[in-house]
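This briefing covers the charged side-chain contacts of one model. The sequence and structure come first, followed by notes grouped by topic.

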Amino acid sequence: MPFANFKVPAGSLDDEGKQRIVTRATDLFVDLYGERARATTLVLVEEVADGGWGIGGGVLTLAMLQQPPSS
């Protein structure tokens with residue numbers, strides 16, 4: 001059974017965004033393993049509480065992720 005686990009910041013995706021992740025991940029496994037994989041593919045989208053992320057030794061928040069990239 002193909003399995004994909006996506007961890008995303010809580011509040012960063014609406015239901016449509018989560019559905020897109022599920023659909024696209026499933027389609028990827030179907031591309032790799034054939035149509036037989038569709039019925040058994042499990043995709044888990046987990047929301048991580050704000051401040052539950054870290055990168056480069058610092059805490060990453062949803063507000064930081066929503067800032068435009070610096071040029």
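In this predicted model, Arg38 pairs with Glu35 in a salt bridge whose closest N and O atoms are 2.5 Å apart. Asp27 joins these two residues, so that Asp27, Glu35 and Arg38 make up a network of salt bridges. The whole structure holds 5 salt bridges.

**Arg38 and its network**
- Arg38 has a relative accessible area of 36% and is therefore classed as partly exposed.
- The network of salt bridges that includes Arg38 also contains Asp27 and Glu35.

**A pair within helix α1**
- Glu16 and Arg20 form a salt bridge, with 3.5 Å between the closest N and O atoms.
- Both residues belong to helix α1 (residues 15-33), where they are 4 residues apart, or about one turn of the helix.
- Glu16 counts as exposed because its relative accessibility is 53%, over the 50% cut-off.
- Arg20, at 42% relative accessibility, falls between the cut-offs of 20% and 50% and so counts as partly exposed.

**A pair between helix α1 and strand β2**
- Lys18 and Glu47 are joined through their side chains by a salt bridge with an N to O distance of 3.5 Å.
- Because Lys18 is in helix α1 and Glu47 is in strand β2 (residues 42-48), this pair ties together parts that lie 29 residues apart in sequence.
- Lys18 is partly exposed, its relative accessible area being 22%, where under 20% would mean buried.
- Glu47 is also partly exposed, with a relative accessible area of 41%.

Technical notes: Residues numbered from 1 in each chain as written. Predicted model: local features only at pLDDT ≥ 70, side-chain atom pairs only at ≥ 80, totals over all residues. Heavy atoms only, no water. Salt bridge = Lys/Arg side-chain N within 4 Å of Asp/Glu carboxyl O. Helix = DSSP H or I, 4+ residues; strand = E, 2+ residues; numbered from the N terminus. Buried < 20%, exposed > 50% of the residue type's maximum accessible area, 1.4 Å probe, protein only.
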